[in-house]
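Reader: I would like to go through the labels attached to this model and see what each one rests on. Please set every value against its cut-off.

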Amino acid sequence: MSDFIDFITCRISIITNLLPMYQISLVVYLGIPVMVITYYRFKHPKVHPIILAAILLLIWIVQITLWENIYKNKLDLLIK
């Protein structure tokens, strides 16, 4: 059993070294609206996909702007 736990922790270490945590959290942060809009699309098939794509694009632009501002503020705090 301890070999299995060691194997899992090793794999987690490899993944976190290959992808820094900010990249993983950015993918999750951007992926949540995709899941919500996809769910909405399948629940209401009469909605035009171009409208949902435009909404998703606007959400992503807002999210990236927020992400950049927060990241920039954290760097400014670390430098000071």
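Author: What follows is a set of questions on labels, each answered from a value and a criterion.

Reader: How do you know how far to trust the coordinates?

Author: The model is predicted, and the mean pLDDT of the protein is 84, with 88% of its residues at 70 or more. Confidence is lowest in helix H1 (residues 2-18), at a mean of 78, and highest in helix H2 (residues 21-43), at 88.

Reader: What makes up the order of elements in the protein?

Author: The elements run α-α-α from the N terminus on; the count is 3 helices and 0 strands.

Reader: Why is Met 1 called exposed?

Author: The cut-off for exposed is over 50% relative accessible area. Met 1 has 75%, so Met 1 counts as exposed. Met 1 sits in the segment before H1.

Reader: What makes the nonpolar surface patch?

Author: Met 1, Phe 4, Ile 5, Phe 7, Ile 8 and Ile 12 make the patch, which covers about 640 Å². Membership requires over 30% relative accessible area, with nonpolar side chains joined within 5 Å. Met 1, at 75%, is over that cut-off. For the protein, the accessible surface comes to about 7100 Å², and 75% of this belongs to carbon and sulfur atoms.

Reader: Why is the pair of Tyr 29 and Trp 67 called tilted?

Author: A search of the whole structure finds 1 aromatic pair. The ring centres of Tyr 29 and Trp 67 are 5.5 Å apart, and the limit for a pair is within 6.5 Å. Planes under 30 degrees apart would be stacked and planes over 60 edge-to-face; here the angle is 35 degrees, so the pair is tilted. The pair links distant parts of the chain, with Tyr 29 in helix H2 and Trp 67 in helix H3 (residues 49-79), 38 residues apart.

Reader: Why is Gln 63 called buried?

Author: Buried means under 20%. Gln 63 has a relative accessible area of 10%, so Gln 63 is buried. Gln 63 lies in helix H3 and touches Tyr 29, Leu 30 and Pro 33, not counting residues up to four places away in sequence. Buried residues make up 6% of the 80 residues in the protein.

Reader: What makes Val 47 partly exposed?

Author: Val 47 has 22% relative accessibility, and the cut-off for buried is under 20%. Val 47 is therefore partly exposed. The place of Val 47 is the loop between H2 and H3. Not counting residues up to four places away in sequence, Val 47 touches Tyr 40, Arg 41 and Leu 52.

Reader: How do you know that Val 36 is exposed?

Author: The relative accessible area of Val 36 is 52%, and exposed begins over 50%, so Val 36 is exposed. Val 36 is found in helix H2. The C-alpha atoms of Val 36 and Leu 56 are separated by 9.8 Å, and the two residues are 20 residues apart along the chain.

Methods. Residues are numbered from 1 along each chain as its sequence is written. Side-chain values use heavy atoms; hydrogens and water are left out. pLDDT is the predictor's confidence in each residue, from 0 to 100. Helices (H or I, at least four residues) and strands (E, at least two) are DSSP runs, numbered from the N terminus. Patches are made of residues with over 30% relative accessible area and no salt bridge: like charges are joined within 9 Å, nonpolar side chains (Val, Leu, Ile, Met, Phe, Trp, Tyr) within 5 Å. Accessible areas come from the Shrake-Rupley method with a 1.4 Å probe; for residues, only the protein chains shown count as cover. A salt bridge is a side-chain nitrogen of Lys or Arg within 4 Å of a carboxyl oxygen of Asp or Glu. Buried means under 20% relative accessible area, exposed over 50%, partly exposed in between (1.4 Å probe, protein chains only). Rings of Phe, Tyr and Trp (its six-membered ring) pair if their centres lie within 6.5 Å; planes under 30 degrees apart count as stacked, over 60 as edge-to-face and the rest as tilted. Contact means heavy atoms within 4.5 Å.
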